[in-house]
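I opened the model and kept notes on what I looked up. The entries follow in the order I made them.

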Amino acid sequence: MAWALKLPLADEVIESGLVQDFDASLSGIGQELGAGAYSMSDVLALPIFKQEESSLPAESTDKVLPFQYVLCAATSPAVKLHDETLTYLNQGQSYEIRMLDNRKLGELPEINGKLVKSIFRVVFHDRRLQYTEHQQLEGWRWNRPGDRILDIDIPMSVGIIDPRANPTQLNTVEFLWDPAKRTSVFIQVHCISTEFTLRKHGGEKGVPFRVQIDTFRQGEGGDYSEHLHSASCQIKVFKPKGADRKQKTDREKMEKRTAHEKEKYQPSYETTILTECSPWPDVPYVPSAPSPGFNNSHGTFGLGDGGSPSHQTEPPPPLSDTLLPTWTPAEAQQWLHRQRFGPFARLFRNFSGADLLKLSRDDVIQICGPADGIRLFNALKGRQVRPRLTLYVCQESGQGRDPRTEPEEGDGAGTFFVYHALYLEELTAAELSEKLAHLFRVSAHQIQQIHKQGPTGIHVLVSDEMLQNLPDESCFLLDTLKAESSDSYHVILK
C-alpha cells in the first residue's frame with residue numbers, strides 16, 4: 001500500500017522533468033530564430049519538417065490578380081455559403097462591367113503603356129450543355145436569325161478600342177483597352193435561360209450561364225496570343241423585369257427564414273466580382289478574319305457601301321446588280337453584301353445564284369426572319385416597289401373623238417391612240433402637276449389648276465383627297481385650256 005502511494009510522487013517528478021526539458025528546448029528554438037517567442041510556422045520551417053511539408057498540399061495564399069472585373073449587378077441572397085455567387089440579369093438590358101488594373105508596383109511591366117485584348121463570352125455553366133454547345137447555339141441561331149447572344153452597348157461604354165463581333169460567334173465579343181485608363185464596358189445578353197431547357201417552366205427553372213473574360217497581351221508576332229488573366233461568374237437571364245422580380249422573391253424568402261437558417265446563406269452584394277478561372281479551351285486566341293465593328297443596333301455593324309465590312313477588301317463585283325442564276329457562290333456572296341445582307345452571308349456561303357433563286361418566300365423568312373426575309377425575297381425576285389396609284393392619260397384629239405369608245409383602227413384611216421402612264425406615290429395634286437408638266441415638257445408652275453370632269457360636264461378641282469379616292473389604273477383624256485392672264489394652263493381630266 002505504501003508502494004502504491006509513492007508511485008504518483010515518482011510520476012510527478014518524471015513529468016516535471018519532462019516539462020522543464022521541453023520548455024528548455026522551445027526556448028532554445030526561440031533564441032535560435034532570434035525571436036522572443038516561437039510560432040508554429042517557425043517550427044514547421046525547420047529542416048526536420050521539410051520532408052513532411054513537401055507531401056502536404058500547397059498553402060492557399062491570397063494571390064493578387066493582375067486584373068479585376070466587377071459586374072454591376074446584385075448577387076442573389078438565396079445562395080448557400082461556399083457556393084458560387086449567382087446573379088440575375090434582364091434580357092437585352094445594358095449592364096456595366098468595370099475593368100480594373102489590380103497590378104502591384106513593378107508587376108507585368110511589359111504591358112505598361114500598351115493595350116491588352118479582352119474577349120467576353122456567354123457560355124453554359126452546366127457541363128452537359130458545354131459538350132453540345134455548338135449544336136445548342138446553331139439551334140438558337142435558326143430560331144432567332146439575325147440576332148446575337150452577346151452585344152456591347154457602344155454609346156455607354158468607356159475606354160474600349162476597336163470593339164468587334166465575329167458574325168460566326170454569336171456569344172463572343174472582343175475589344176482592346178488600356179489598363180492605365182478607366183475602362184467600363186456595358187454588355188447586353190439577348191438569350192434567356194429557358195431557351196435552352198427541354199421543358200419551359202419559367203425563368204427560375206432556366207439553365208445558368210457564365211460570363212467569362214479572357215485577357216491577352218500582344219506577342220512578338222503582333223497578335224494578342226499571350227494569356228494574362230481569366231475570370232468568370234454565374235448568371236441567369238430572364239425576360240425584361242424578370243430578374244428584378246426574381247431578386248425580390250429570393251429576398252422575401254430569406255426574410256422569412258430564422259436567424260439560424262440565414263447563417264447558412266451568403267448575403268446579397270451590390271456588385272458581382274468575377275472569380276479567377278482557367279482560360280476558355282479555344283485560347284490562346286488566334287485572330288480570325290477581320291470582323292465588322294459594332295453599333296448599338298442588332299444585326300447592324302459599322303459597314304461600308306453595300307453592307308460589306310468597311311476594312312475588308314472585296315473582289316471586283318459582277319457587272320449586273322440583279323442576281324443571275326449563272327453566278328458562282330463567291331459572286332452570290334458579293335451580291336448579298338451589296339444588298340445589305342452581310343449578317344446572313346455565312347448562312348448562304350455555299351449557295352450559287354441558281355440556289356438562291358430557287359428559295360421560296362417561306363424559306364427565306366424562316367432563315368432570315370420576317371423583316372429581312374421579305375426584303376431578301378423581293379431582292380431575289382427583282383421586285384420593284386409598286387406605285388400607290390397608276391393613271392393612264394391620253395391627249396384629246398382635235399376632232400373630239402374619244403379613243404376609249406373607238407377601236408384602235410378607225411374607219412380605215414389607221415387612227416392609233418397612245419396612252420401614257422403616270423405613277424403616283426404621294427397622292428397629292430402637286431405631285432400630279434409635276435408628272436403632267438414632265439409629260440407636256442413644261443415647267444410645273446405653268447400648270448395653274450387641274451380639274452376633273454364630273455356629272456353633267458361640271459369641272460371639279462382635283463385635290464389630294466380626290467386622288468386618294470381614285471381607283472387604280474383609271475383612264476383619262478387630257479384637255480388643256482390656256483389661261484387668259486398668264487402663260488399658264490388649266491388641265492381637264494375627262
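Which strands does helix α12 lie across, and at about what angle does it run to β14? I found α12 (residues 429-440) across β13 (389-395), β14, β15, β17 (474-482) and β18, and its angle to β14 is about 150°. Helices (H or I, at least four residues) and strands (E, at least two) are DSSP runs, numbered from the N terminus. Axes are lines fitted to C-alpha atoms, for helices over the stretch in contact, and angles run from 0 to 180 degrees between N-to-C directions. I take contact as heavy atoms within 4.5 Å.

**Ground rules.** The model is predicted, with local features needing pLDDT of at least 70 and side-chain atom pairs pLDDT 80 or more, while totals for chains, interfaces and linings use all residues. Residues are numbered from 1 along each chain as its sequence is written, and side-chain values use heavy atoms, with hydrogens and water left out.

**Confidence.** I looked up pLDDT, the predictor's confidence in each residue, from 0 to 100. The chain average is 75, and 73% of the residues score at least 70. Residues 1-10 stay under 50 and have zero contacts beyond four places in sequence. Residues 408-412 also stay under 50, with five contacts beyond four places in sequence. Where pLDDT is low, the predicted coordinates should not be read in detail.

**Six-stranded sheet.** I read the strand order as β14-β13-β17-β18-β15-β16, an open sheet with mixed pairing. Because β14 (420-424) and β16 (459-461) are at the edges with a single partner strand each, one side of each has no neighbour in the sheet. Neighbouring strands are turned by 35° against each other on average, direction ignored. Two strands pair if DSSP finds at least two bridges between them. Strands β15 (residues 447-453) and β18 (residues 489-493) are parallel, with five bridges. Lys-452 has Leu-493 of β18 as its bridge partner.

I then turned to His-490, which is in strand β18. Leaving out residues up to four places away in sequence, His-490 touches Gln-448, Gln-449, His-451, Asp-479, Thr-480, Leu-481 and Ala-483. Asp-479 is 11 residues from His-490 along the chain, and their C-alpha atoms are separated by 8.3 Å.

I counted five bridges between β3 (residues 95-101) and β8 (residues 183-189), in the antiparallel sense. Here Glu-96 is opposite Phe-186 of β8.

**Positive phi.** Most residues other than glycine have a negative phi. I noted Leu-108, with phi near 50°, in the loop between β3 and β4. Asp-162 also has phi near 50°, but sits in strand β6 (residues 160-164).

**Cavities.** On a 1 Å grid over the protein atoms alone, a cavity is a set of points where a 1.4 Å probe fits but cannot get out, and lining residues have an atom within 4 Å of a point. Grid points are joined across faces, edges and corners, and a volume is the space filled by probe spheres set on the points. I get three cavities of 30 Å³ or more.

What lines the second largest cavity? Its lining is Val-122, Val-123, Phe-124, Glu-133, Leu-137, Ile-149, Asn-171, Cys-191, Phe-196 and Phe-209, around a space of about 50 Å³.

Note on methods. On a 1 Å grid over the protein atoms alone, a cavity is a set of points where a 1.4 Å probe fits but cannot get out, and a pocket is an open set with protein on both sides within 12 Å along at least five of seven lines; lining residues have an atom within 4 Å of a point.
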